[in-house]
Amino acid sequence: MIPTAFYLILAGVIFTIGVLGVLIRRNVLIIFMCVEMMMNAVNLTFVALSRQFGTLDGQVFVFLIMAVAAAEVAIGLAIVLGMIRHKDTTNVDRINLLNG
Amino acid sequence: MEWLDWSLVALFALIALAGGFGVVFSRNAVHSALFLLLNFASMAMIYLTLGAQFLAMAQILVYAGAIVVLFIFTVMLIGNEPVSDATARARPLLHAAALILAIIFLAGSSYVLAITHQQAPVGLAEQGSIQSVGHLMYTRYLLPIEMASVLLLAAMIGAIVLARRVRPPLGAPKE
């Protein structure tokens, strides 16, 4: 059996790639994709630890996270569309209406 | 058959990492979305190696089937202008922060690996099949599942309201 540590480290590396993307990129859609990738990495840790402890509760939790992710993407992309209609840019540095 | 398990998992892990790097470093937003699809699909395969068959299928249905399609749809809808200022070239601080975070992560994970005493995983008694996960979902976790359905309904209505084009009221003078 493959040790749980392998999966945990894989999830950590994917999470770190997501953080890098959020920090480096300025396109709002790509930042959003990186956030999804980070969520996916967390799901992987849930599934790996569910096998480690021999219970299925982690997998039910992952299913709930998937529902939340779907809701989040629907709302987030609607916000992005409204923002583009309003300001015509996808660069998060130029979205600063509340910046005074 | 240990080596077969290892080679499968390593292959899909490498594909997932390549997909992740592709999302971050590709210039075109459509390419990023397709790399994201690659990442999600290989994560589904990794779930299979963990014995979570139901979640692997749900991953492909929800993430690859719905979320990536929504992303590609949005990218197409806004015209996918090639973003020349895509990377934060003017933000060396963020680059430094990203580098430091990556180093901290590597140091932390290697420290944990070196110091912890690893136990063998217990393993799932009845695998993550639809039957067993579904049974748990509709007995112990009934309330959270119902709340998730309410959340999805709210998200659906909210997305429609947010993305609706606001029309001027009837009888308003045309510009």
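Trainee: What span should helix α2 of chain B have, and how far apart are its end C-alpha atoms?

Mentor: In this predicted model, the 21 residues of helix α2 of chain B (residues 29–49) should span 30 Å at 1.5 Å a residue, and the end C-alpha atoms are 31 Å apart, which agrees. The expected span is 1.5 Å times one less than the number of residues, and helices here are DSSP runs (H or I, at least four residues), numbered from the N terminus.

Trainee: How are residues and chains labelled, and what pLDDT do local features need?

Mentor: Residues are numbered from 1 along each chain as its sequence is written, and chains are lettered from A in the order in which they are written. Local features need pLDDT of at least 70, side-chain atom pairs count only at pLDDT 80 or more, totals for chains, interfaces and linings use all residues, and side-chain values use heavy atoms, with hydrogens and water left out.

Trainee: OK, what sits at the start of α2(B), and what follows the helix?

Mentor: At the start, a side-chain oxygen of B:Asn28 reaches to within 3.0 Å of the backbone nitrogen of B:Val30, while the helix is followed by B:Gly51, whose phi is positive, near 85 degrees.

Trainee: How many residues has the largest nonpolar core?

Mentor: That core has 53 residues, and B:Leu36 and B:Tyr47 are among those with the most contacts inside it. The term covers buried Ala, Val, Leu, Ile, Met, Phe, Trp, Tyr and Cys residues joined through side-chain atoms within 4.5 Å. α2(A) gives the most to this core, with eleven residues.

Trainee: New topic: how much area do chain A and chain B bury between them?

Mentor: They bury about 6800 Å², 77% of it on carbon and sulfur atoms, where buried area is the accessible area (1.4 Å probe) lost on putting two parts together, summed over both. The contact takes 68 residues from chain A and 83 residues from chain B.

Trainee: How many salt bridges cross that interface?

Mentor: The rule, a side-chain nitrogen of Lys or Arg within 4 Å of a carboxyl oxygen of Asp or Glu, finds one. B:Arg140 forms a salt bridge with A:Asp57, the closest N and O atoms being 2.6 Å apart.

How values were computed. Helices (H or I, at least four residues) and strands (E, at least two) are DSSP runs, numbered from the N terminus. A polar contact is a pair of N or O atoms within 3.5 Å; within protein, one must be able to donate a hydrogen and the other to accept it, and residues adjacent in sequence count only if both atoms are side-chain atoms. Buried means under 20% relative accessible area, exposed over 50%, partly exposed in between (1.4 Å probe, protein chains only). Contact means heavy atoms within 4.5 Å.
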